[in-house]
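Thanks for coming. I will go through one structure today, and it should be on the screen in a moment.

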Amino acid sequence: MRAFDYHRPATLKEAASLLRKNENARALSGGQSLIPALKLRLAAPAALVDLGAIEELRGIKLDGAVLTVGAMVRHSEVATSRDVAIGIPALARLAEDIGDRQVRNMGTLGGALANNDPAADYPAAVLGLGATIHTNKRAIAADKFFLGLYETALKRGEIITSVAFPLPKRAAYAKFANPASRFALVGVFVSEGAGSVRVAVTGAAPCVFRAKDMEKKLAANFAPDVLAKVRVPPDGLNSDIHASAEYRAHLITVMAKRAVAAAVAGK
Amino acid sequence: MEMTGEQLIPLPQEATWRALNDTAILKVCIPGCETIEQVSDTEYQLTMTAKVGPVSAKFKGKMTLSEVDVPHSYTLVFEGQGGVAGFAKGQANVRLTPESEATKLGYTVKAMVGGKLAQVGSRLIDGVARKIAEQFFSAFNKHVTGTAAGSAAGE
């Protein structure tokens with residue numbers, strides 16, 4: 001690692017100002033992607049702004065039809081929260097299966113979303129539930145947040161504060177994980193909410209996306225079998241040493257069917 | 001890995017060719033390009049910073065033109081050293097064909113990445129390479145479109 005300045009501000013305002021002032025400063029949340037990159041010398045920011053001491057970024061709240069999770073809430077907290085288990089059990093199970101125990105004990109919801117790794121699990125839940133991302137500046141709908149490979153709608157100095165998830169009628173997440181990294185080769189989050197069905201796919205393409213053809217079929221009949229013949233074309237899907245684009249395209253249908261079956265069964 | 005793409009450039013073939021060989025335009029359009037310098041008729045030296053997610057690596061490299069067939073096609077061989085991050089190398093075949101008033105620009109890029117980047121980022125390399133190529137050619141298209149519109153308005 002190289003030398004860098006380390007800041008641990010206690011307020012959101014201070015953190016935003018530190019990030020705005022220094023172009024080469026990076027925000028540090030759980031550090032499960034950034035710290036390994038630093039150790040490998042694949043990144044050399046001039047300063048780190050640790051968001052860990054900012055109280056307003058913490059906490060989980062279930063209020064009527066909305067579950068709000070603070071940006072600095074760790075995956076392990078979501079996995080074991082009573083409010084999450086009551087409001088959106090599918091979200092608790094997704095969090096329980098992210099990475100390994102170390103990652104779950106350090107990684108945060110806000111960090112995962114701001115990083116927008118193409119194979120991360122949380123983007124599928126946020127897009128698949130039609131959540132709203134709140135920042136220190138504005139509220140961003142999930143459909144407008146994820147822009148591309150590691151690209152989000154966040155501007156410099158903009159910090160995610162919390163995510164508001166509308167409670168679905170039923171929802172589930174099915175993932176085919178890489179056995180070594182536990183990243184999603186393909187992960188599909190499905191939800192049925194008030195008058196809308198959402199299917200969000202992660203791991204398969206450079207960025208999480210909605211499978212609209214599947215949503216249409218499921219809106220008419222929310223059952224796994226209606227997806228049997230719906231294929232997402234392999235063009236533009238990821239192809240690497242772990243899986244070809246064709247294989248991933250096939251997995252999307254398989255995982256979507258499993259997710260719908262789990263949502264129907266209420267598991 | 002190999003990728004292909006196509007762009008329709010709203011300029012005649014000769015003008016598109018000139019723009020593709022203009023270092024000032026290349027500098028604006030190559031993502032993260034900091035400096036570019038023509039060292040001979042067919043050789044360029046450049047530095048660029050590739051920023052992808054948590055990773056940010058600075059590359060020093062050289063590009064060599066070969067099989068130049070003015071104003072139809074060329075092959076660009078590139079090679080970059082990213083220090084501890086590793087290296088990237090490959091080649092791009094660029095073909096220009098007239099299409100009424102405009103020019104169709106077709107490209108095939110082959111790229112290879114080695115070293116630490118490849119070791120920890122194997123699952124991302126294809127996506128990143130595709131993104132950089134798309135960014136370059138669409139920025140190039142936007143840039144020359146803007147220039148064409150500007151000079152047409154000025155006439």
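Start with C33(B): its bridge partner is M48(B), in β3(B). This is a predicted model, so please keep that in mind throughout. The two strands concerned, β2(B) and β3(B), with β3(B) covering residues 43-52, pair in the antiparallel sense over six bridges.

From β3(B) we go on to β4(B), residues 55-69. These two strands are also antiparallel, paired over 10 bridges, and Q45(B) stands opposite K62(B) of β4(B). They form a hairpin with two residues between them. In that turn G53(B) has a positive phi, about 55 degrees.

The next hairpin is β4(B) with β5(B), and here three residues lie between the strands. β5(B) spans residues 73-81, and its antiparallel pairing with β4(B) runs over eight bridges. L65(B) has L76(B) in β5(B) as its bridge partner.

As a reminder, strands of a sheet pair through backbone hydrogen bonds, either parallel or antiparallel. In what order do the seven strands of the chain B sheet lie? The order is β1-β7-β6-β5-β4-β3-β2, in an open sheet with antiparallel pairing. β1 (2-9) and β2 (33-40) of chain B are at the edges with a single partner strand each, so each has one side without a neighbour in the sheet. From one strand to the next the twist averages 25 degrees.

Now chain B as a whole. Chain B has four helices and seven strands, and along the sequence they follow the pattern β-α-α-β-β-β-β-β-β-α-α. Its C-alpha atoms fill a box of roughly 50 × 30 × 25 Å along the principal axes. A compact globule of 155 residues would have a radius of gyration near 15 Å, and chain B, at 16 Å, agrees with that. Buried residues account for 26% of the 155 residues. Of the contacts in chain B with a separation of 6 or more, 46% are between residues 24 or more positions apart.

On to the other chain. 19 residues of chain A are in contact with 16 residues of chain B.

Chain A has an open sheet of four strands, antiparallel, in the order β11-β12-β13-β14. Its edges are β11(A) and β14(A), the latter residues 209-210; each has a single partner strand, so one side of each is left without a neighbour in the sheet. β12(A) and β13(A) pair over six bridges in the antiparallel sense, and V188(A) has V201(A) in β13(A) as its bridge partner. Helix α11(A) packs on this sheet, touching β11, β12 and β13 of chain A, and its direction makes about 40 degrees with that of β12(A).

How far apart are the end C-alpha atoms of α11(A), residues 245-265? They are 30 Å apart, which agrees with the 30 Å that 21 residues should span at 1.5 Å a residue. Buried residues in α11(A) include L251(A), M255(A), A259(A) and A263(A). Among the elements covering the buried residues are β11(A), β12(A), β13(A) and α10(A), residues 212-220. Just after α11(A) comes G266(A), with a positive phi of about 70 degrees.

Note on methods:
Residues are numbered from 1 along each chain as its sequence is written. Chains are lettered from A and ligands numbered from 1 in the order in which they are written. This is a predicted model: local features need pLDDT of at least 70, side-chain atom pairs count only at pLDDT 80 or more; totals for chains, interfaces and linings use all residues. Two strands pair if DSSP finds at least two bridges between them. Axes are lines fitted to C-alpha atoms, for helices over the stretch in contact, and angles run from 0 to 180 degrees between N-to-C directions. The expected span of a helix is 1.5 Å times one less than its number of residues. A residue is buried if 20 or more other C-beta atoms lie within 10 Å of its own, exposed if 12 or fewer, and partly exposed in between; C-beta atoms are placed from the backbone. Two residues are in contact if their C-beta atoms, placed from the backbone, lie within 7 Å. The radius of gyration is taken over C-alpha atoms; the globule rule is 2.2 Å times the number of residues to the power 0.38.
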